[in-house]
Amino acid sequence: MAKSGGGNDGSVPTLPSRPRRIAETSAVALGLRLLAVGPLLILLLLVAVVGLLTPNFLKPINISNILAQTAVIAIVAIGQHLVILTRGIDLSVGANLALATVVGALAYRVTDSAALVMLAMLASGAAVGAVNGLVYVFGRLPHPFIITLATLSIARGVALEVAIGHTTMRGMPAEIAALGGGNLWGIPNSFFVVCAVVAIALIMVRAMVWGRWIYAVGGKPEAAVQMGIPVKWVLVSVYVISGVCAGVGAIVLAGRTEAGSPLYGNLLELDTIAAVIIGGASFLGGRGHIGHALVGAVMIGIIRNALNLLNVDAFFQMIAIGLIIVLAVEADVLRNHLEAKVRVLQAGRAP
Amino acid sequence: MSPAAASPVLAVRDADKRFGAVHALKGVSLEAFRGEVLALLGDNGAGKSTLVKCISGVHGLDGGEVLLDGERTALHSPAAARRAGIETVYQDLALFDNLTPAQNFYCGREIAGPRWLPRGLRFLNARAMDREAAAVIERLKVSLPRFDAPVALMSGGQRQAIAVARATVFARKVVILDEPTAALGLRESRKVLDLIAQLKAEGNAVILITHNMEHVVELADRAVVLRQGRKVGELRPSRDNQRQLVSMIVGAEV
């Protein structure tokens, strides 16, 4: 794909000497640019193909459906994306979400206030995230995989225990039900929740010093220490934020189903990781933005929806998503390779 | 030398450092003056890097002291050393590949506000950082292919130049360079040597670690030689005493 664009890309700054090197430079630059927009192109292609195959796909009711089904993955994937940016991983998000819905359902038995029930779910999510971050950093664990695997198990266990044998705990305040299940002019309210989470995350990541520090920690942790960045607290904070995102996801899911359940969020950790990677963020940390997480989440939603409309077996959905993950990871490898090539070409240039 | 050079900006007195059974520094003293390049020489394992890491706050000293402008200064961490006005260009450059040159310049010291917020929650003033960084790059005559591309896309020499330029932005007293040309080709080395000369001209005390005798003779006003954790000599390097310098480094007549 990188080599296909041999033509001269006019906007690339080139020197008049050595035509072959110039051609190569612009080919590599074009390849890098294609890789940058690749996931979005694949998404558009997917929409076009599925739209042609099944006329029902592009009907407003179905699009509204996809948005509602994608909301939870998208919200939790934004938190997961921040964790992956710092070279980490959060395996506990699914169990965290389940526990938060159970905590919400329990809170609803004590209070009728929607605000308090939502606060309980957010606090539950943040608490699990704080445990992840604090044990990972101050327990000096080599990798967050272990602790988040542990909290996956613990949170799920606690959720099952406090739900005392109920697989679903019915009942949610009307406001939460509206947030998760209602819609405005045919657009599901959960879509607006996603928009709000995206807006807040964008401000934190792009406009605030904290966001810059996340990229620094993911880019080169040792250098971040040398540059005086409070690396430990940056790491703790991303796990807390990921937990809060799981809490927001819990509000949406509990609202849509008007129930809490310890069985919710099964394999959500894998869906969100897949979304981040498919969307084009680097699994090695430091590279990617929120758009990647969103594109990936929508892609997963569309694949599921389309294969349902086409009456394709559910097993095939898993195969399809797996194949796309391989493609995305290979694209990341290719990008690193091309960047190394740019470095060599730079060094060969006349000063 | 200028009158300001009369008193050292940095003085290390009787520095002592052990790593378990290894006695890495045995009572080393040295002084660095403004507007002067001090070459720190020695064979591998002589203690150069250990000494430099003690000055830049990576290691703490077991004995002895560091004086900045005559005042005893505790350097607990790299951040503390930077606050005290000591900038270090590490051998691995400590650059963030995923960030642009300007973002690298200000990483950990972002221009941001409002001041009443905790540091991490302040809002970035990206425009000011881009402008200042571009001005420094311009002043040092570093040529970069693009200013808005991540550092990952730049050559070894360009990356080195960015790391050195970053040090010049914030250095107020001392700049330490750990083998700045080790990984570079001839042309790229030249560029970095010019930068070092400029750092000196701007009144910094420069401490240069290198194995390249040509560079020492060309740039250094003084050379301090370490061997097995001790200071074994100090002289003004020139073409004539180059052999003497080498014999001090290896500890034998050449």
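Me: Which elements of chain B each supply at least two residues of the lining of the largest cavity?

Reply: This is a predicted model, where local features need pLDDT of at least 70, side-chain atom pairs count only at pLDDT 80 or more, and totals for chains, interfaces and linings use all residues; side-chain values use heavy atoms, with hydrogens and water left out. Residues are numbered from 1 along each chain as its sequence is written, while chains are lettered from A and ligands numbered from 1 in the order in which they are written. A cavity is a set of points, on a 1 Å grid over the protein atoms alone, where a 1.4 Å probe fits but cannot get out, and lining residues have an atom within 4 Å of a point. With helices (H or I, at least four residues) and strands (E, at least two) taken as DSSP runs numbered from the N terminus, the elements are helix 2 (78-83), strand 6 (86-89) and helix 5 (156-170) of chain B.

Me: Which element gives the most to that lining of the largest cavity?

Reply: The lining has 15 residues, and those nearest the centre include Met227(A) and Thr88(B). Four residues come from the element that gives the most, strand 6 of chain B.

Me: What is the volume of the largest cavity?

Reply: The structure holds two cavities of 30 Å³ or more. A volume is the space filled by probe spheres set on grid points, which are joined across faces, edges and corners. For the largest cavity this is about 110 Å³.

Me: How many charged residues are in the lining of the largest pocket?

Reply: A pocket is an open set of points with protein on both sides within 12 Å along at least five of seven lines, and the largest pocket holds about 1300 Å³ of space. Of its 41 lining residues, the closest to its centre include Arg287(A) and Asp148(B). Asp, Glu, Lys and Arg count as charged, Ala, Val, Leu, Ile, Met, Phe, Trp, Tyr, Cys and Pro as nonpolar, and the others, Gly among them, as polar. The lining has 20 nonpolar and eleven polar residues, and its charged residues number ten.

Me: Which element gives the largest share of the lining of the second largest pocket?

Reply: This pocket has a volume of about 610 Å³ and is lined by 23 residues. Elements giving two or more of them include helix 2 (60-85) and helix 13 of chain A. The largest share is six residues, from helix 13 of chain A.

Me: At what angle do the axes of helix 6 and helix 7 of chain A cross?

Reply: Ala178(A), Leu179(A) and Gly180(A) in helix 6 meet Asn189(A), Ser190(A) and Val193(A) in helix 7; contact means heavy atoms within 4.5 Å. Axes are lines fitted to C-alpha atoms, for helices over the stretch in contact, and angles run from 0 to 180 degrees between N-to-C directions. The axes of helix 6 (residues 174-181) and helix 7 (residues 189-207) of chain A come within 5 Å and cross at roughly 85°.
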